[in-house]
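Subject: Structure handover

Hello,

The structure is below, with the sequence. My notes on it follow.

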Amino acid sequence: MYLVPVDVAVADLPVLNVGGSAEAVLDGENEYAYFAFTPETDGFYAFYSVCDKDTYGIIENVWGEQLNSDDDNGDNLNFRVVQYMVAGETYRLGARLLSNAMGSFTVYLAEYFPHVVTDVEFHDQTVAYYELE
């Protein structure tokens, strides 16, 4: 766990791997705990929290530009951010507690597989529509 300002290099962040978890410890108002992740394969990944408080998560590129965020798509008031990521590119995963809360909670990273909702024939080609849960 580290509290990291935006200007800290991604190389200095703790790494969160697929299937792994980490503890985010926050001891100040509106602070984020940041982790780094570099996928080995292109695909969707879910960064999410488990906590009894309201959490917020973001996914940023290496320059700190926000790519996606979430507040309550996880269970209860937990976040679950799903983002398509490119193999070999490093991402910053940020997590915080809302309502100026302090404390700790667990964050997880998992591969995410969208569900095929339907296949539709369109001009002799099958088009699959996906739904992200």
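**Cores**

In the predicted model, the largest nonpolar core has 22 residues, of which Leu16, Phe35, Phe47, Leu93, Phe105 and Val107 touch the most other members. A nonpolar core here is a set of buried Ala, Val, Leu, Ile, Met, Phe, Trp, Tyr and Cys residues joined through side-chain atoms within 4.5 Å. Buried means under 20% relative accessible area, exposed over 50%, and partly exposed in between (1.4 Å probe, protein chains only). Two or more residues of this core come from each of strand E1 (21-26), E2, strand E3 (43-50), strand E6 (80-85), E7 and strand E8 (103-112). E7 gives the most, with four residues. Strands (E, at least two residues) and helices (H or I, at least four) are DSSP runs, numbered from the N terminus.

Leu16 is in contact (heavy atoms within 4.5 Å) with Ser21, Ala22, Phe35, Ala36, Phe37, Phe47, Leu93, Val107, Tyr108 and Leu109, leaving aside its neighbours within four places in sequence. Another core, of eight residues, lies apart from the largest one; Ala36, Tyr56, Ile58 and Leu98 are among its members. In soluble globular proteins, nonpolar side chains tend to be buried together.

**Conventions**

This is a predicted model: local features need pLDDT of at least 70, side-chain atom pairs count only at pLDDT 80 or more, and totals for chains, interfaces and linings use all residues. Residues are numbered from 1 along each chain as its sequence is written, and side-chain values use heavy atoms, with hydrogens and water left out.

**Chain and sheets**

The chain has ten strands and zero helices. Of its 133 residues, 38% count as buried. Among contacts between residues at least 6 apart in sequence, 66% join residues at least 24 apart. The chain exposes about 7600 Å² (Shrake-Rupley method, 1.4 Å probe; for residues, only the protein chains shown count as cover), and carbon and sulfur atoms supply 47% of that area.

Two strands pair if DSSP finds at least two bridges between them. Strand E4 (residues 55-60) and strand E7 (residues 91-97) run antiparallel and are joined by six bridges. Thr55 has Leu97 in E7 as its bridge partner.

A four-strand open sheet is also formed in the order E1-E8-E3-E6, with antiparallel pairing. E1 and E6 are its edge strands, each with a single partner, so one side of each is left without a neighbour in the sheet. Here the twist averages 25 degrees from one strand to the next. E3 and E8 run antiparallel, with seven bridges between them, and Tyr45 stands opposite Glu111 in E8.

**Two residues to look at**

Is Arg92 buried or exposed? Arg92, in strand E7, counts as buried because its relative accessibility is 0%. The side chains of Arg92 and Glu60 are joined by a polar contact of 2.7 Å (a pair of N or O atoms within 3.5 Å; within protein, one must be able to donate a hydrogen and the other to accept it, and residues adjacent in sequence count only if both atoms are side-chain atoms).

Asp52 is in the loop between E3 and E4 and counts as exposed, at 74% relative accessibility. Asp52 and Phe105 are 53 residues apart in sequence, and their C-alpha atoms are 8.3 Å apart in space.

Regards

Terms used. Axes fitted to C-alpha atoms, helices over the stretch in contact; angles between N-to-C directions.
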